[in-house]
Amino acid sequence: MDGNGRWAKKRLLPRFVGHQKGLNAVKRVVSHCSELGIEALTLFAFSTENWKRPKDEVNKLMGLFLKALQKEVQKLSENNVQLRIIGDRSAFSDQIQQHIIVAEESTKNNTGLVLTIAANYGGRADIVDAVQKWQLANPEKTVSELTEDSISEFIALSDISEPDLLIRTGGEQRISNFLIWQMAYAELYFTDSLWPDFGEKEIDAAILSFSKRERRFGKTSEQVAEC
């Protein structure tokens, strides 16, 4: 979800106003994805690298995160959305950590859209963490016995389908350490739209682009056609 700060700067507003408007975009996107019947949506809210930002901005972002946990979870439940948080939550305040637990617990039985918020998350750290968890679960094995399938069990979101489509807003064309294991075969879609402006039309455009692509997964076009 890229472009909050630039959105605010273009309007001569403080960067935090852009983050506040970005939360409104989250609501629009979650609602529209639910209406479309999309099974899973993962939003990259705060990376492990984002702690390097100015302290005041980070503090305000943490406040916005807490506010969202306090005020939006009930609405998610009313719309049958299951909420998950991935990333190292130990760096967050005790209050935020407690609200994360409550939010996940209160929505865990919802059967609609699985909404995941990646917060203090990094794709490389996710892989390292998965290897360490695998080793703890298999103390009698050596790293030479580690396979893609075995590590996949410990990667974040291992219990849902791998992403089909990655959308990045704000004009940048890179993955930026987001779900790098899970994105191995995802289609990539980049848009110049800044995140606070992102909504239903942009989602529909991304899905239309996705629907026109041929996904071969290593096969030839002829093999795909036969299927």
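Q: Is Leu179 buried or exposed?
A: Leu179 is buried, with a relative accessible area of 1%, where buried means under 20%, exposed over 50% and partly exposed in between, using a 1.4 Å probe and protein chains only. This is a predicted model, in which local features need pLDDT of at least 70 and side-chain atom pairs count only at pLDDT 80 or more, while totals for chains, interfaces and linings use all residues. Residues are numbered from 1 along each chain as its sequence is written, and side-chain values use heavy atoms, with hydrogens and water left out.

Q: Where is Leu179 found, and what does it touch?
A: Leu179 sits in the loop between strand 4 (165-168) and strand 5 (187-190), strands being DSSP E runs of at least two residues and helices H or I runs of at least four, numbered from the N terminus. Not counting residues up to four places away in sequence, Leu179 touches Thr42, Ile86, Tyr121, Gly123, Leu157 and Pro163, with contact meaning heavy atoms within 4.5 Å.

Q: OK, the core now. How many residues has the largest nonpolar one?
A: It has 33 residues, and those with the most contacts inside it are Leu41, Phe65, Leu83, Ile96 and Leu115; such a core is a set of buried Ala, Val, Leu, Ile, Met, Phe, Trp, Tyr and Cys residues joined through side-chain atoms within 4.5 Å.

Q: Which helix gives the largest share of this core?
A: That is helix 3, with 8 residues.

Q: And what is Leu41 in contact with?
A: Leaving aside neighbours within four places in sequence, Leu41 contacts Val29, Val30, Cys33, Leu113, Val114, Leu115 and Thr116.

Q: Which residues of helix 2 are buried, and what covers them?
A: The buried ones include Val29, Val30 and Cys33, and the cover over the buried residues of helix 2 includes helix 1 (4-10), strand 1, helix 3, helix 4, strand 3 and helix 8 (200-211).

Q: Changing topic, what lines the second largest pocket?
A: The lining has 17 residues, of which Gly87, Asp126, Asp129, Lys133 and Ala156 lie nearest the centre of the pocket; a pocket here is an open set of points on a 1 Å grid over the protein atoms alone, where a 1.4 Å probe fits, with protein on both sides within 12 Å along at least five of seven lines, and lining residues have an atom within 4 Å of a point.

Q: Which helix gives the most to that lining?
A: Helix 6 does, with 4 residues.
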